[in-house]
Amino acid sequence: MPPASRLLAILSSRPPPPPCRLLQLHAHLLTAGLISSPSPFPFASRLVAAFAHSDDPRHPLSPLHHALALLASLPSPPDSASPYNAALRALSLCTHRGLIARCLPLYRSLLLSARPDHLTFPFLLKACARLQDRSCGNAVLGHVFKLGFHADVFVLNAGMHFLAVCASMVEARRLFDQSHVRDLVSWNTLIGGYVRRGVPAEALELFWRMAEDGEVRPDEVTMIGVVSGCGQLRDLELGRRLHGYVDSYGVRRTVRMMNVLMDMYVKCGDLERAKSVFERIDNKTVVSWTTMIVGYAKFGMMGDARRVFDEMPERDAFPWNALMAGYVQCKQSKDALRLFHEMQEAKVDPDEITMVNLLSACSQLGALETGMWVHHFIDRNRLSLSVALGTSLVDMYAKCGNIEKAIHVFKEIPHKNALTWTAMICGLANHGHAHDAIEYFRRMIELGLQPDEITFIGVLSACCHAGLVKEGRHFFSLLVSKYHLERKMKHYSCMIDLLGRAGHLDEAEHLVNTMPMEPDAVVWGAIFFACRMHGNISLGETAAMKLVELDPSDSGIYVLLANMYAEANMRKKADKVRVMMRHLGVEKVPGCSCIELNGVVHEFMVKDKSHADTNAIYDCLHEITLQIRHTATTIDIYATG
C-alpha cells in the first residue's frame, strides 16, 4: 500500500483520479482503518472532496452521491469546510433541481461541525439563485455579513448575482455601491443583470461609468452585455459606437461577441452591417446562421432567409423555428406548413416554439383541420400545455371558427396570463358572444391581470357587435383613465363603428375630427357604412371622398358609393360614379376564396383555371347551376299555381 503522504497527494490532485480509481482508494483506506481512526492526515475530507470534484452527471457510479453518502457516514464530521465546499460546488452545478436543493441541508450540517469560509458562500448563493429561493438566499446573505465575508470579492459577486436573479436590481446595485472591493466580474454581474431584467439604459449608464473610472477594463463579457442592451433600446447610432469600442480596445471578437453584434444590428434595422459581421465570422455557429435568418425574415426577404437556411452545414430546431416564424410573420403561412413537413422528413424533433408557429399559420389560413392535427400532435407527444402553447390553441380555434373548442382549451390551461385571457376575449367578440366577452374581461380584472391595447380592442369589438353603446363608452374611457394606455387607431375605429351603427352619427363624426392621428380607411369605412345604413348622404359622400383619396384604385368604394346613391333614388349621381370609374380605369378587384381539404388549403380567384382539378371543379359548378335553375323553375310553377 502506498505511504500516507502519497495517498494524500493522489486524493489532492487536480483533476482528481477517475471514479473507479477513487473507489479503489476508498477500499484501501477502509481496510487500513484510515477513514475512522485519528490521523494527522485528513483522508476522509480529501476523499469526499475528490469524489465531489470528479462528479460527472453521465457517469453511472454517480461520484457526487458517493461523496454525500461518505460525508454522512463519517463517525466524526470533518472540522474543515473543504469537503463540504467541494460537495456544495458539485451540487450547485447539477441540472436536477432536487439535487441543487440539497445544498441547504448540507450547509446546516457544515455549521454543526466547522466554520464556513470564503469558498462556501459563492456555491451556496449560486444554488439559491438557481432555485429562485429568495428567503434562503437572504438568510445566507445574513450569514455572510454576520461572519464578515462581505469584504471578499468572490462572495460579493455571488451575492450580487443572487440579488439580480431573485430580488431586485435596486438591492443588487446597493450591494455594489456599498462595497469597497470590486473587480471586473462585479461590473459584469451588474451590467448583465440590468440587461436580463430589461433595463438596458441602466446597464449602459454603468458601462460608461466603468469606462470613465478606468479601474478595470471592459472585456468580452462586458461588451456582450452592453451590446445586447443596445439591441433592446433599438439605438443604431449607439450600437455603432459600441462596435467601434470593441474594435478599438482589442476586445476579443469571439463567435459569441460577433453573434451579439449581428443580433444588435438586426434589431436596430441595419441588415447590411449585420451581413458584414456575419461574413467575418470564420467558425459560424447555429446561432450565427439563425440570427441571419431572423434578420432577413424581419425585412420580409424570405427568399434570402431560405437561402441562408439551405446553406447551413447542420441544423437543430432553432433555425427551422426561425424560418417558420418568418413565413408566418410575412403572411406566407402555406410555406410555413410546407416547412414543417420538411422538418419532419429531416427527422428534427419539433418543440413548443414549432407548435406555436404552426398554430399561428393555421390561424392565418383558417385551417381548422391542420390546427386540430397540431393539437393531437401536442397531446400525443405529451407536450405540457404551457401559457404560450395554450394561448396559441385558443387563438387558433377561435379564428378557425370553433369557439366551443377554444373555450374548452382555455379552461384546461393550468396557468393563464393576460395574453391568454385576451385571446379568449377577442375570440368571443369575433364570434358575436359580446356579453361573454365582457364577462371574461371583468373576470380577468378581478384576478388582478393587466389588460393591454389588444384586450380593449376585443371588448370594444364585442360592444360593437352587440350595439352596447353605454358599455363601449365606458371601456373607451377606462382604457385611458384607469389603465393609462394610449388609444390606437383600432380603438377609435371600433368606437366610431359602434356609434355609427347605433345612429349616433354626430358623436361619431366629432370623434373622427378630434382623433390625435389622421383617420385611416377603416375609420372612414365605418363612417360610410353607418351613413349608408342611416341614410346620411352628405356625411357619406365626405367619407367616400376620403376613402378615394386614401386609395384611388380601390374599386369597392366606387361600387358602394354608386349603390348608396341608387338606394336613395339618386340615379344620376350613381351613373356619374360608374362613368368616373370607367374613365379612371378602375376595375373591380376579383374575389378570392379559400377552402381547406384534407389538411391542404386551396385558393380560388374569379374565373380561376390554375387548379389541377379545374375541369372537375367546373363540371361540378355546372351541375350545381343546373340544379339551382331546376329548383327555381319548380318554385315558380308552384307559385303561379
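Which residues of α9 are buried? I started my notebook with that one, after a word on the model.

**Ground rules.** I am working with a predicted model, where local features need pLDDT of at least 70, side-chain atom pairs count only at pLDDT 80 or more, and totals for chains, interfaces and linings use all residues. Residues are numbered from 1 along each chain as its sequence is written, and side-chain values use heavy atoms, with hydrogens and water left out.

**Entry: α9.** Helix α9 covers residues 134-147, 14 residues in total, and spans 20 Å from first C-alpha to last, close to the expected 20 Å (1.5 Å times one less than the number of residues). Here is my answer: C136, G137, V140, L141 and V144 are buried in α9 (under 20% relative accessible area; exposed is over 50%, partly exposed in between, with a 1.4 Å probe and protein chains only). These residues cover an arc of only 140° around the axis, so they sit on the same side of α9 (the arc is taken from the directions from the helix axis to the C-beta atoms). S135 and K146 are exposed on the other side of α9. I then checked the partners: the buried residues of α9 pack against α7 (103-113), α8 and α10. Just after α9, G148 has a positive phi of about 80°.

**Entry: α8 and α10.** Next came α8 (residues 120-131) and α10 (residues 153-166), whose axes come within 9 Å and cross at roughly 5° (axes are lines fitted to C-alpha atoms, for helices over the stretch in contact, and angles run from 0 to 180 degrees between N-to-C directions). Therefore α8 is roughly parallel to α10, a label for angles under 35 degrees. On the α8 side, the contact includes F121, P122, L125, C128 and A129 (contact means heavy atoms within 4.5 Å). Among the α10 residues in it are F154, V155, A158 and F162.

**Entry: α2.** Helix α2 (residues 19-31) has 13 residues and reaches 18 Å, close to the 18 Å expected. I found P19, L22, L25, H26 and L29 buried in α2. Their arc is only 110° around the axis, which puts them on the same side of α2. Just after α2, G33 takes a positive phi of about 70°.

**Entry: S493.** Last, I looked up S493, which lies in helix α30 (residues 489-501). S493 is buried, at a relative accessible area of 6%. Leaving aside neighbours within four places in sequence, S493 is in contact with V522, V523 and A526.

Terms used:
Helix = DSSP H or I, 4+ residues; strand = E, 2+ residues; numbered from the N terminus. Parallel < 35°, antiparallel > 145°, perpendicular 65-115°, else oblique.
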